[in-house]
Amino acid sequence: KEIVEKFIHQNVSIARPEMTLPDVDQDLSPAEDFAVFVIGASHSLKQWPHFWQIVEYIVQQLHLKIVLVGHGKRDRKTIDELVQKSATTDFVNLCDQTSLLQLAHVLKRAKLVVSNDTAAVHIAAALGSPTVCITLGAHAFRFNNYPKDLDVNIRFVFPKEIESLLNEDGFKHYQTKYKNEQSMNSIPAIWIVQSIKEVMDRAS
């Protein structure tokens, strides 16, 4: 929104994204309340490696079961590593088991979605699910954050250098160097927990 306004020199009105889903033959969502981890991304550099560090908080403090979604060999390996490192093994693993429509239904029913920067983030946001997106910031302030006037319950979490710009003029500070010089490893688990608290508080 801000970038378009900068180019055309006038205000732009945009509507909050909403999505209505058709029925699905088999809804794979658990019966109990749950959170979704979207652990995959288009490139390994966009994958946050510390999902296992927030498992205990979600299970013990939020009392949510965790559903794992993904696709392909890399995601299966990442999920196996997450399960091995976690204090609990009580996950619902839907990796390679959902169609796009089934995934959307799972995201819609979720009490919380925590995801790398991938398409599932925007689906969850359009469906109104409280969402935390962990992002490298490759397109910071162009494709995230969302405009505040949309009032979407989503929190994008960036590496420290980009986080420091969140209250600044995003367009003015955007630089292409952010595409390659940041690391997902630099994003601590406590930032994700704090962001989860933010979106859950907004949803309550």
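How many aromatic pairs does a search of the whole structure find? The search finds two, where a pair means rings of Phe, Tyr and Trp (its six-membered ring) with centres within 6.5 Å. Keep in mind that this is a predicted model, in which local features need pLDDT of at least 70, side-chain atom pairs count only at pLDDT 80 or more, and totals for chains, interfaces and linings use all residues. Residues are numbered from 1 along each chain as its sequence is written, and side-chain values use heavy atoms, with hydrogens and water left out.

**The aromatic pairs**

- F37 and F51 make a tilted pair, 5.1 Å centre to centre with 50 degrees between the planes; planes under 30 degrees apart would count as stacked, over 60 as edge-to-face, and the rest are tilted.
- This pair links distant parts of the chain, since F37 is in strand β1 (residues 34-38) and F51 is in the loop between β1 and α2 (55-61), 14 residues apart. Strands (E, at least two residues) and helices (H or I, at least four) are DSSP runs, numbered from the N terminus.
- W48 and F51 form an edge-to-face pair, 5.4 Å centre to centre and 70 degrees between the planes.
- F37, W48 and F51 form one aromatic cluster.
- Both F37 and F51 are buried, and W48 is buried as well; buried means under 20% relative accessible area, with a 1.4 Å probe and protein chains only.

**The sheet**

- Six strands form an open sheet in the order β3-β2-β1-β4-β5-β6, with parallel pairing; two strands pair if DSSP finds at least two bridges between them.
- β3 (91-93) and β6 (154-157) stand at the edges with a single partner strand each, so one side of each has no neighbour in the sheet.
- Strand β5 (residues 131-134) runs parallel to β6, and four bridges join them.
- Here I134 stands opposite V157 in β6.

**The second largest pocket**

- The volume of the second largest pocket is about 290 Å³, counted as the space filled by probe spheres set on grid points joined across faces, edges and corners. A pocket is an open set of points on a 1 Å grid over the protein atoms alone, where a 1.4 Å probe fits, with protein on both sides within 12 Å along at least five of seven lines.
- It is lined by 17 residues, and the closest to its centre are V38, V69, G70, H71 and L103; a lining residue has an atom within 4 Å of a point.
- α4 (100-109) and α5 (119-126) are the elements that give two or more residues to this lining, and α5 gives the most, with three.

Terms used: Buried means under 20% relative accessible area, exposed over 50%, partly exposed in between (1.4 Å probe, protein chains only).
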